[in-house]
Amino acid sequence: MSTPTRSVVMLNTPTRRATPFEGRGGLAAVINELTTEIRELYTADQVPWVVGYSGGKDSTAVLQLVWTALQGLEPQQRIKPVYVISTDTLVENPVVAAWVTQSLETMRKAAQEQQLPIQPNRLTPEVKDTFWVGLIGKGYPAPRPKFRWCTERLKIRPSNSFIRGVVHDHGEAILVLGIRKAESQARARVMERHEKRRVRDRLSPNGNLPNSLVYSPVEDWSNDEVWTFLMQQPNPWGHPNKDLLTMYQGASSDGECPLVVDNTTPSCGDSRFGCWTCTLVDKDKSMSAMIQNDEEKEWMLPLLELRDELDVPDDSHLRDFRKMNGSIQLFHDRNVPGPYTQKAREDWLTKLLNAQTWIRNNAPDYVRGIQLITMDELHEIRRIWVFEKHEIEDSLPRIYKQEAGEDFPGGPLDQHLTVAADEVELLREICGDDELHFNTMRELLAVERKFRTMTRRSGLFDALESTIKKGYYADKDDAVDMALRNQKNKTAPALIELDEVSTDAPA
């Protein structure tokens, strides 16, 4: 009987949680060791550094360590550049985006005053790759785990493009990142795997970017240790870390963000900031908490509502039954829908512009000029709708004026391609309720207008044939039946596409 009793006592005994930097000589010793290491690595060669900065706690801690280490070098030793890069997806949480923008500007001025070779850079995706051009322009459905089209376009491409430019100019680059093993088990496994391949002290190879190495100075730190460092060490570029703590605190559901407390208090820093449009998570907990904890941030409610509208379990009613090229895709004998329909895309644009206008009219002064979608994106969406999707009624200027209350600043498009609204309505009246017939006739009209002014009309018949094939079916059921028949007969023409890899992709 004694053994079970001892077992119960052991389970009920609280485990003492380690204090920050315990066993490593305390905060001062760890900082001294790391800054010495950073100076040695920095002065060891002529390879430029690229520091990833998101504005969050981990990247702030890393940049602060690098900044402090460089301050301790003689001016003649600060010879190679340290590029600080921050990727703005253009759909970041507005509070975080404003924080990062302000931080970069403060950083730029401080680096010049302190004669440090630190160069802040705000990176953005190319217009053709932005979230709204993909979703509203091309009709990509809201991102899902099986069709995660956003991360590569919004985050990876801008940063990789910058890093490749540095490698091109200098032959090599060292990436300084705020990645930590304590973030997740998956992150820890990846970092440990790269550790085994280290070619220099503390530098790991980067498998995705040739001629680049990764340095992660805080990889073994815990959340508590990151916050202890940030709260006890002044920010060297003058942007208060307490403001950063307040931002994290506001994004926590209970409004609390403890630091040095008892052994049972959870660590601060689990809040995750990201794109306010993200549908890869169940809920935007950080934005919800910000609204809940601060009445002044209730202006973000329209963003939260629009994000929730995008995140529907089944959006097939919003999407075309065909893929972008007009083909039919089957998965287990069921149709996989394609991109958003014209009506759905116009509705998303309407709601987005409505939210932007409401915020500009009702939010606090510091966000009255908010831009949820840029004018460059609107121009690109308009171009895609008219020239690629053959929506020749050119509806974007009308929607913009309706929601923004002012004329769209873009000039007229090619008069040979656009059609007056009354002519489009006449075509729709002739086609009646047959939306497929209407779309086919409109696209045929667009093809004819495109080739009308060409001296050589090579490709005209191919374009007409492609349009007719896309609208060949009587309706969705007819298209699926034909695809199933072709699948069973194993004589599917090029029009039928069978792909069981991705069940969400629109193309």
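## The sheet

Six strands make up an open sheet with mixed pairing, in the order β3-β2-β1-β4-β6-β5. Two strands count as paired if DSSP finds at least two bridges between them. Helices (H or I, at least four residues) and strands (E, at least two) are DSSP runs, numbered from the N terminus. The edge strands β3 (118-123) and β5 (203-205) each pair on one side only. From one strand to the next, the twist averages 30 degrees. Angles here run from 0 to 180 degrees between N-to-C directions, and axes are lines fitted to C-alpha atoms, for helices over the stretch in contact.

The structure is a predicted model, in which local features need pLDDT of at least 70, side-chain atom pairs count only at pLDDT 80 or more, and totals for chains, interfaces and linings use all residues. Residues are numbered from 1 along each chain as its sequence is written, and side-chain values use heavy atoms, with hydrogens and water left out.

## Strand pairing

Strands of a sheet pair through backbone hydrogen bonds, either parallel or antiparallel. Strand β1 (residues 49-52) runs parallel to strand β2 (residues 82-87), and 4 bridges join them. Within this pairing, Val-51 stands opposite Val-84 in β2. β1 also pairs with β4 in the parallel sense, over 3 bridges, and here Trp-49 is opposite Ile-174 in β4.

Strand β4 is joined to strand β6 (residues 212-215) by 4 bridges, and these two strands run parallel. Leu-175 has Val-214 in β6 as its bridge partner.

Which residues of β4 are buried on each of its faces? Ala-173 and Leu-175 are buried on one side of β4 (residues 173-176), and Ile-174 and Val-176 are buried on the other, which leaves both faces covered. Buried means under 20% relative accessible area, exposed means over 50%, and partly exposed lies in between (1.4 Å probe, protein chains only). In a regular strand the side chains alternate between the two faces of the sheet.

Helix α3 (residues 57-71) lies across β1, β2, β3 and β4, and runs at about 145 degrees to β1.

## An enclosed helix

How many of the 8 residues of helix α5 are buried? In α5 (residues 131-138), 8 of the 8 residues are buried, so the helix is largely enclosed by the rest of the structure. They are Phe-131, Trp-132, Val-133, Gly-134, Leu-135, Ile-136, Gly-137 and Lys-138. The cover over the buried residues of α5 includes α6 (149-170), α11 (301-310), α12 (342-362) and α13 (375-388). Gly-139 follows α5 and has a positive phi, near 95 degrees.

## Two helices in contact

The axes of helix α8 (residues 223-232) and helix α9 (residues 241-250) come within 8 Å and cross at roughly 140 degrees. That makes α8 oblique to α9; angles under 35 degrees count as roughly parallel, over 145 as roughly antiparallel, 65 to 115 as roughly perpendicular and the rest as oblique. On the α8 side, the contact is made by Trp-227, Leu-230 and Met-231, and on the α9 side by Asn-241, Lys-242, Leu-244, Leu-245 and Tyr-248. Contact means heavy atoms within 4.5 Å.

By class, the residues of this contact divide into 6 nonpolar, 1 polar and 1 charged. Ala, Val, Leu, Ile, Met, Phe, Trp, Tyr, Cys and Pro count as nonpolar, Asp, Glu, Lys and Arg as charged, and the others, Gly among them, as polar.

## Single residues

Cys-431 is in helix α15 (residues 421-431) and is buried, with a relative accessible area of 8%. Leaving out residues up to four places away in sequence, Cys-431 touches His-437, Phe-438 and Met-441. Cys-431 and Met-441 are 10 residues apart along the chain, and their C-alpha atoms are separated by 8.7 Å.

His-332 lies in the loop between β7 (328-331) and β8 (334-335). Is His-332 buried or exposed? His-332 counts as exposed, at 57% relative accessibility. The phi of His-332 is near 55 degrees, a positive value in a residue other than glycine. Asn-211, in the loop between β5 and β6, also has a positive phi, near 65 degrees.

## The whole chain

The chain holds 18 helices and 9 strands. Of its 507 residues, 49% count as buried. Among contacts with a separation of 6 or more, 72% are between residues 24 or more positions apart. The chain exposes about 26100 Å², and carbon and sulfur atoms supply 50% of it. Accessible areas come from the Shrake-Rupley method with a 1.4 Å probe; for residues, only the protein chains shown count as cover.
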